[in-house]
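This briefing describes how two protein chains meet. Please look over the sequence and the structure before reading on.

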There are 2 protein chains.
Amino acid sequence: MVTIQDVAKAAGVSAMTVSNVINDRPNVRPSTREKVLEAMARLDYRVNVAARNLRKGRTGIIGLAVPEVDSPYYGRLAAAIITAAQRRALRVSIEQTASRENELDALSLSRNHQYDGLILSAAGMSQADAERLKVEHPVVVLGDRIFGGPVDHVAMPNREAARAATCHLFAQRCRRIAFLCGAVEEVNPSSLRLAGYREAHEAADLPADPALVQFVDRLGMREGAQRAREMAESGLDFDGVFCVTDSLAMGVLRGLADSGIRVPDQVKVIGFDNVSESEFLIPSLSTVDPDHDGMAERAVDLLVRRIEQTAHSTRHRDFVGGFSLVVRESTRG
Amino acid sequence: MVTIQDVAKAAGVSAMTVSNVINDRPNVRPSTREKVLEAMARLDYRVNVAARNLRKGRTGIIGLAVPEVDSPYYGRLAAAIITAAQRRALRVSIEQTASRENELDALSLSRNHQYDGLILSAAGMSQADAERLKVEHPVVVLGDRIFGGPVDHVAMPNREAARAATCHLFAQRCRRIAFLCGAVEEVNPSSLRLAGYREAHEAADLPADPALVQFVDRLGMREGAQRAREMAESGLDFDGVFCVTDSLAMGVLRGLADSGIRVPDQVKVIGFDNVSESEFLIPSLSTVDPDHDGMAERAVDLLVRRIEQTAHSTRHRDFVGGFSLVVRESTRG
DNA sequence: TTGTAGGCGTTATCAG
DNA sequence: CTGATAACGCCTACAA
């Protein structure tokens with residue numbers, strides 16, 4: 001391995017000077033710089049990042065903990081975050097958490113100086129775990145579950161967007177809108193979007209039939225398809241479905257087709273996420289498009305601030321992203 | 001920051017002993033171990049990974065360079081690799097390359113000791129770049145472009161699977177099968193699958209009309225949809241479509257629907273990748289299911305071997321994954 | 001079974 | 001403008 005010392009020797013200067021050249025510091029005579037660069041090239045020198053990290057107390061890597069990368073939603077999120085981080089010359093190491101326990105593990109890894117900071121997309125943790133976030137290391141939580149906690153926080157516009165989606169269905173003359181979601185806990189995407197759905201009903205002065213709120217175990221396509229068939233066969237009266245994710249909605253489109261129900265003629269369907277597939281489904285899927293890029297940008301930005309500030313300010317920020325409504329065939333007519 | 005020295009002092013032992021406890025080495029008296037563990041807990045000690053890395057010359061992180069994570073295919077691949085790596089207590093840092101230049105950059109990062117090794121999913125590099133892979137650091141190439149190169153290599157069963165898919169269409173009484181692919185270069189997924197498509201024609205003793213081979217710029221849904229409409233409107237005579245990716249096939253399903261062509265009645269469609277959405281499309285999509293997990297496992301395995309072996313054997317392995325054919329509605333009847 | 005000494009490659013400090 | 005020195009926190013010999 002070629003070290004900075006070797007380069008120094010080859011160039012006839014000290015290691016310090018080589019270091020100065022590498023880090024583009026001023027106060028190096030151009031001719032000296034030349035000699036050093038030449039020696040570096042000749043020896044094919046590479047900085048040893050581990051040594052630099054040790055010295056600087058930084059790694060240049062941020063962690064991103066998500067339940068799974070292989071899902072349209074988290075995949076998109078990961079992509080946006082990696083892009084935002086690359087702009088700041090940071091690398092992103094991805095952790096698949098899948099469970100609450102792993103989420104907590106990811107936190108301690110961050111503490112192990114493996115990462116300069118951690119973006120935690122908390123799906124499993126709840127308010128009760130917020131205590132464990134009281135970490136002296138930079139953490140930004142992405143998600144909906146821990147508000148007012150001891151960390152910076154970037155959230156989806158869940159309630160507002162759900163309300164807008166529901167209003168849109170009203171405007172399309174739906175009157176009995178089913179709401180399809182996962183388990184509703186204190187504060188999670190399902191509960192917040194359900195609140196928006198209810199708000200829309202109140203605002204429109206239409207009662208929301210509790211029978212129309214349907215729960216599934218997982219927010220996947222399979223579950224959506226199955227539940228849609230069950231709803232159709234049970235004789236439930238509904239003319240619209242608001243699904244808390246596009247994956248669920250894709251399943252619902254399939255399930256309704258299986259049951260011989262035409263979308264949008266008999267039932268209108270709207271999703272949430274604006275996954276790239278939505279545009280090309282048959283029928284194409286209306287959906288809520290959250291500002292993923294903006295949220296990713298913001299999350300990285302907050303994290304970088306925490307990393308760079310030395311004093312640990314206790315003021316924490318809660319940021320809520322923007323969204324737009326994408327109207328396609330599944331709610332036309 | 002709490003160091004190993006602090007713990008040693010607190011426990012009334014030497015740093016060495018603390019290190020022995022941390023690394024689960026024998027020859028530590030149980031009572032001593034207790035004292036040390038207690039002190040570690042009390043001080044909330046965390047190992048400094050940077051220091052350990054510097055000392056050991058390892059980082060415990062492998063790089064994964066893919067064109068983009070936000071695509072069904074690469075997302076699935078990334079998930080499989082992260083899982084395989086986690087089993088070996090390795091972390092994965094994801095690089096979005098998007099271009100050939102970035103792919104080469106990722107290589108040098110690997111050299112910078114940032115990673116112990118690199119899995120490079122080479123989409124843009126070509127045989128000509130293979131030289132640059134002659135790196136003394138562990139690299140495994142995942143993809144199809146660099147065979148017989150100076151690195152280990154895990155490839156898809158492109159030709160075999162394409163042949164099987166084409167045969168399946170023949171068996172479904174298709175006689176004029178369009179082949180939809182991206183730019184065909186020396187060795188890439190499109191060219192290899194095209195070869196399989198042609199082999200199937202020869203084996204069945206059916207001529208392959210060159211007009212049926214259609215090229216698109218990007219293997220995306222949008223491009224698939226547009227090309228399908230063009231094919232339909234141009235009056236091209238075809239009763240089957242083999243798409244080199246499921247994304248493309250999803251677009252084709254949409255484009256054919258736009259043109260009033262019924263699948264599978266008038267035209268049968270088959271894809272490649274078995275993306276999770278395929279099962280729930282309307283109609284559900286027949287496709288080739290490559291053994292992603294097996295390939296990921298193998299890639300990580302090869303990389304770990306390279307990392308662990310000190311002598312740089314020059315023998316490199318080319319591994320080709322397995323596959324299965326998933327028959328769904330889009331080719332029924 | 002435990003301790004001591006030295007160095008991994010880099011950079012901050014401060015003196016020249 | 002350049003260089004000597006001393007850390008950063010950990011681990012491996014070797015010694016006790």
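The points below cover the interface of chain B and chain A in this predicted model. In total, 51 residues of chain B are in contact with 50 residues of chain A. The two chains bury about 4600 Å² between them.

**Make-up of the interface**
- Of the area buried between chain B and chain A, 56% is on carbon and sulfur atoms.

**Polar and charged pairs**
- The rule finds 20 residue pairs in polar contact across the interface of chain B and chain A, with both residues at pLDDT 80 or more.
- Six salt bridges are found across the interface of chain B and chain A.
- Glu329(B) forms a salt bridge with Arg254(A), and their closest N and O atoms are 2.4 Å apart.

**Elements on the chain B side**
- Six elements of chain B give two or more residues to the side that touches chain A: helix H4 (49-56), helix H5 (72-87), strand S2 (91-96), helix H6 (100-111), helix H9 (221-233) and helix H10 (246-258).
- H5(B) supplies the largest share of the side of chain B that touches chain A, at eight residues.
- By residue class, the side of chain B that touches chain A holds 25 nonpolar, 14 polar and twelve charged residues.

**Strand pairing between the chains**
- Strand S2 (residues 91-96) of chain A is joined to S2(B) by three bridges.
- S2 of chain A and S2(B) run antiparallel.
- Within this pairing, Val92(B) in S2(B) has Ile94(A) standing opposite.

Methods. Residues numbered from 1 in each chain as written. Chains lettered and ligands numbered in written order. Predicted model: local features only at pLDDT ≥ 70, side-chain atom pairs only at ≥ 80, totals over all residues. Heavy atoms only, no water. Contact = heavy atoms within 4.5 Å. Buried area = accessible area lost by both parts, 1.4 Å probe. Salt bridge = Lys/Arg side-chain N within 4 Å of Asp/Glu carboxyl O. Polar contact = N/O pair within 3.5 Å; in protein donor to acceptor, adjacent residues only side chain to side chain. Helix = DSSP H or I, 4+ residues; strand = E, 2+ residues; numbered from the N terminus. Nonpolar A, V, L, I, M, F, W, Y, C, P; charged D, E, K, R; others polar. Pairing = 2+ DSSP bridges.
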